[in-house]
Amino acid sequence: MDKSKRKAIIAGNWKMNKTPAEAKVLLEEILPVAKDADCEVIACVPFVDLSVALEVTKDSNVKIGAENCHWAESGAFTGEISAKMLAEMGVPYVVLGHSERRQYFGETDETVNKRTKAALAAGLKPILCVGELLWERECNITEEVIARQIKLDLFDISAEDVLKTVIAYEPVWAIGTGKTATAEQAEEVCAFIRATLAKLYGQDVADAVTIQYGGSMNDSNAVELLSKTNVDGGLIGGASLVAEKFGAIIDAATKG
Ligand code: PGA
């Protein structure tokens, strides 16, 4: 399918950066660099920044996302935030299964699957992250790892819901390391993700799903990465905290 028929999405993942006051300043800088985008632009921000972020972006083309959500609607889960809470605030997107959650906070494919189902049930659009460790790539099991994550993380999720889901391919060895996957490596795995989705849901669904690349994407490598057939956008950490760099990546997506 023609790539231009899929929604290109450039999303910032702010991680644990920016206080609410700082978030306001950064978003006010992002609005002008994003305003002519012909891709979707999202800023995924810390929970405490969501209110101000929704307020600052309310009349703009910049959408807001959270960085995680719990699978239960409510209950004894100290420190967690439910999908329903985010939905009620008017947050449209949520990042799930980020490798930092898997690595430092014990997230498993099972909990990622539960969180994804809860997000979808609450009407949120998940940005589901998958990716292999360096060791797994060196052992030549990247495809096995990715196929397993896709199957488990999307277990029991309907085609209709998968169409509301964005997949982010984030090789763990490329995140925050300055080591970007080459455009060929990114394309290879994004194409593999699409082929895996085709096996599970059929080609039409697979062709319609937005697949992002993430991992040290920046203003200098974005054009090449985003030119690849199966790379429909980016999930950007470090470079999304500098409006000028984030704007250059948005422009790169706009150019296709
Ligand atoms: P990075 O982070 O762009 O800083 O490598 C990407 C991510 O973790 O989503």
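## A tour from barrel to ligand

Start with the strands. Eight of them form a closed barrel, in the order E1-E2-E3-E4-E5-E6-E7-E8, and their pairing is parallel. On average, neighbouring strands of this sheet are turned by 25° against each other, direction ignored. Keep in mind that this is a predicted model.

Next, select residues 211–214 and 233–236. These are strands E7 and E8, which run parallel and are joined by three bridges.

Now turn to the helices. Select residues 142–153 for helix H7, which packs on the sheet. H7 touches strand E5 (125–130) and strand E6 (166–169). The direction of H7 makes about 150° with that of E5.

Then select residues 183–201. This is helix H9, also packed on the sheet, with E5, E6 and E7 as the strands it touches. Here the angle is about 145°, between the directions of H9 and E6.

Move on to the ligand. Which residues come nearest to the ligand? Show Lys15, His98, Glu170, Gly176 and Ser216; they come nearest of the 13 residues around it. The shell around the ligand comprises four nonpolar, seven polar and two charged residues.

Zoom in on the ligand's oxygen atoms. A polar side-chain atom of Lys15 lies 2.7 Å from a ligand oxygen. At Ser216, a polar backbone atom is 2.7 Å from an oxygen atom of the ligand. Select Gly238 as well: a polar backbone atom there is 2.9 Å from a ligand oxygen.

Finish with a surface view. On its own, the ligand has 280 Å² of accessible area, and the protein covers 94% of that.

Key. Residues are numbered from 1 along each chain as its sequence is written. This is a predicted model: local features need pLDDT of at least 70, side-chain atom pairs count only at pLDDT 80 or more; totals for chains, interfaces and linings use all residues. Side-chain values use heavy atoms; hydrogens and water are left out. Two strands pair if DSSP finds at least two bridges between them. Helices (H or I, at least four residues) and strands (E, at least two) are DSSP runs, numbered from the N terminus. Axes are lines fitted to C-alpha atoms, for helices over the stretch in contact, and angles run from 0 to 180 degrees between N-to-C directions. Contact means heavy atoms within 4.5 Å. A residue is near a molecule or strand if one of its heavy atoms lies within 4 Å of it. A polar contact is a pair of N or O atoms within 3.5 Å; within protein, one must be able to donate a hydrogen and the other to accept it, and residues adjacent in sequence count only if both atoms are side-chain atoms. Accessible areas come from the Shrake-Rupley method with a 1.4 Å probe; for residues, only the protein chains shown count as cover. Ala, Val, Leu, Ile, Met, Phe, Trp, Tyr, Cys and Pro count as nonpolar, Asp, Glu, Lys and Arg as charged, and the others, Gly among them, as polar.
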